[in-house]
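I opened the notebook to record what I looked up. The entries follow in the order of looking.

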Amino acid sequence: MSSESSKKRKPKVIRSDGAPAEGKRNRSDPEQEGKYYSEEAEVDLRDPGRDYELYKYTCQELQRLMAEIQDLKSRGGKDAAVEIEDRRILSCVHFMTLKKLNRLAHIRLKKGRDQTHEAKQKVDAYHLQLQNLLYEVMHLQKEITKCLEFKSKHEEIDLVSVEEFYQEAPPDISKAEITMGDPHQQTLARLDWELEQRKRLAEQYRESLSNKEKILKEIEVKKEYLSSLQPRLNSIMQASLPVQEYLFMPFDQAHKQYETARHLPPPLYVLFVQAKALFKPHEESQDDESDSDAEEEQTTKRRRPTLGVQLDDKRKEMLKRHPLSVMLDLKCKDDSVLHLTFYYLMNLNIMTVKARVTTATELITPISAGDLLSPDSVLSCLYPGDHGKKTPNPANQYQFDKVGILTLRDYVLDLGHPYLWVQKLGGLHFPKEQPQPTVIADHSLSSSHMETTMKLLKTRVQSRLALHKQFASLEHGIVPVTSDCHYLFPAKVVSRLVKWVTIAHEDYVELHFTKDIVEAGLAGDTNLYYMALVERGTAKLQAAVVLNPGYSSIPPIFQLCLNWKGEKTNSNDDNIRAMESEVNVCYKELCGPRPGHQLLTNQLQRLCVLLDVYLETEIHDDSVEGPKEFPQEKMCLRLFRGPSRMKPFKYNHPQGFFSHR
Amino acid sequence: MERAVPPTVPLGQMEVFQALQRLHMTIFSQCFSPCGKFLAAGNNYGQIAIFRHSLPSACSLSAALSSEAKEESKKPIVTFQAHDGPVYSMVSTDRHLFSAGDGEVKAWLWAEILKKGCKELWCRQPPYRTSLEVPEINALLLVPKENSLILAGGDCQLHTMDLETGTFTRALRGHTDYIHCLALRDRNPEVLSGGEDGTVRLWDLRMAKEVQTIEVYKHEECSRPHNGRWIGCLATDSDWMVCGGGPALTLWHLRSSTPTTIFPMWAPQKHVTFYQDLILSAGQGPCVNQWQLSGELKAQVPGSSPGLLSLSLNQQPAAPECKVLTAAGNSCRVDVFTNLGYRAFSLSF
């Protein structure tokens, strides 16, 4: 394009070079063949350096001419205008040269650019090619790697080792000659072998399954047969019951009992067996059953405890009873029954007992007899010192410390009393102060104690019932003396029992005239305490009575305080001391006929007699006016005897007089 | 005020019975052995117990209270059943111990007495008038000059028994009620006796009859009718006599039969004795009273029994360092006073 435009201007320029100027005129007909002027081709022919020199020269000339013009113009003159005109034309020529040079320069530039562009394109093309190839190379490499890493499924199969394979496989599979050398063939062979083996084993498996099914079916059939047998047997047993009753062989009942008894814990079981053994020949005096609560045994409920009750629950857990218990009913001669229920505390490994007395006829309990038959105290101290408020197992103390139980005393009302004889009946023996890790129930221990303990229990119940009756009478002020004890006392007894009440242990200890008994250790808290008041006229005799639970083998102990003309006790009056001695020390003659339940009433009656003697034999004080308050009616040989001037307290039967011991 | 209750040991029938017996025991009589090392005590059950009383020769206060006085040494060495009834009085000679109770007197050899199963040398009964009831012998008295033993008690008579022959030589009558106590007046061999009838009678042994009678209750200064008139205790020191019982404890001048000093003790006294320049008495109440001859109470030393019946002084020349006073009465304990000022320890049955 630029060449076209430059061509149109060309006719104005007068070229110094002749040839090219001529060429130009012919340019107006570009389609004419022949020589046409191409500046592009000229560019190739000319030397850029020389062009540059030409340019510089032209510029210089131009400058010179201009300067000359300038001079001429400034000087003025006539020939100046022609000179100037010459110079102007020369300048115009120079301008034309400059323009050509400019065009040439442009053309060169364009050429250069075009060449550069072309080269650059080539380079780009090569570059692309290179990239493509490289990419392809990478792709191929990846593919190769993939192929190389390919694991065939056959490698996941655990094949038998090579040696084994050769040993086991039959030769038509192993094909040793081929496979030894060729690992590929070897693997194939191994796979073959594997497949065959698996097929075989699968076959075996299916066979075994079907066998099993068959056998299961057989078992089912047999089970059904057996289960149908049980109801038939039961019906036979039921049918035999009437026969058993007819023959007086309660086999079934005893069998049931033994069945439940098998669930008993060892100590209770020992007790059960020994009790049965003892009472076998005397069926009527004992009734033995094991009370079962089998459902409770099987279900144990567990509640999630709230924080506040956790300790309480732990204690309950520790004091838990075995759900089975043994009930023993001892029948005494007068138809009263002692019901004993024996329990077993599992965690503590001790046995406890709860007792209850029922009588043939309804008992009206007098006020003072409240404690006599109460379940809490009726069996207290059956053996001396056995108060049943402390656990007999020394190992329990550590267990109690863990859950903060101080003593078992707080829980005995609920759990029953852990008497020592109960442990012995269950065959449990706890050596003192030595906690044994495990104490097991021993039959021989139980059998050696069973008979004595049963006798003691019966005696205890009977003595308590006797006391019960006596108390009812005592509260009404009557001392019930049975006919076979009348010989111990004179016919006429004037002093009367006025009051008979229970007092508390603390109150007894606080009395001023009981100091000696307390200091001698005879007034413990297992005893029962009573206060009797005997009166005659103005004289009042207070008697504090200690009733030992072992009554009547252990006698009640009396302490006296007489209020008559001053207060007389054993510390200031020798005769009061003698009266106490008559009742406390000489008690054996007051026991009455065996089993000696009359001791207490006889002692009270004797006390009344003693008071009579005391009051009647008191010497009359001559200085005081008036008759003696108590005239002497008792027959006495001597009024005083010995250095202590004792009164005659001993009654002689049948002569009926009083003498000294 | 809370009273400490001792812990109770589980007591069977035997233990309870024994405890009751001990509680109701009364020791009526005591006697020291001739060597002074042993003390015999007799109680109301008829038993005699021998206690070893010897203290180490240093016999100072500290030794008495030291480990020598352990529990075991407070128990008797031997106890045996001497009589069926109570042992009301005992006396001792050089070789023999005489014990008397319900109507009989028995003799024991000191040398044999410590062996178990010791039997009495002899047992004698003075001739009694009545046979309905056997009278007790309340007092025994040795008369060394005659080598005889005087017994007095329930039958209101004084019997004299010759120790060599064993026969009963005299029976002195005069008392109208039973005799409590006897005392010997050394100079002229006279015996004083005090009885339930309220009189103190002097008997001359050679003439075997009553010489003097003092009716104590008739004297207003000392009589105490509300206590009775009985004379429970007697002691004599030649011209002087002190007696007590129902009436107040009084010092008498014998020749003039007048009471010179009344000792202001309201409780009846059961035993009295002269000791050095003091008069010791004991009776109802737990204390041993020490009196000056002027009638002032010098000291009252409490013992462990609620009432005392006998005092015994160990004044044997053989053991001069073991001078002690023992007191016993309405309990099973014998209190030992090494220094008369306080109770050192108690022996117990």
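Helices (H or I, at least four residues) and strands (E, at least two) are DSSP runs, numbered from the N terminus. I looked up A:D507 and found A:D507 in helix α18 (residues 505-510) of chain A.

I noted that this is a predicted model, in which local features need pLDDT of at least 70, side-chain atom pairs count only at pLDDT 80 or more, and totals for chains, interfaces and linings use all residues. Residues are numbered from 1 along each chain as its sequence is written, chains are lettered from A and ligands numbered from 1 in the order written, and side-chain values use heavy atoms, without hydrogens and water.

Next I looked up salt bridges (a side-chain nitrogen of Lys or Arg within 4 Å of a carboxyl oxygen of Asp or Glu). A:E61 and A:R64 form one at 2.5 Å, N to O. These two are 3 residues apart in helix α4 (residues 48-75) of chain A, so about one helical turn separates them.

For burial I used relative accessible area: buried is under 20%, exposed over 50%, partly exposed in between (1.4 Å probe, protein chains only). A:E61 is buried at 15%, and A:R64 is partly exposed at 37%.

A:R87 and A:E83 form another salt bridge, with the closest N and O atoms 2.8 Å apart. A:R87 is buried at 17%; A:E83 is partly exposed at 32%. I then saw that a network of salt bridges links A:E61, A:R64, A:E68, A:E83 and A:R87.
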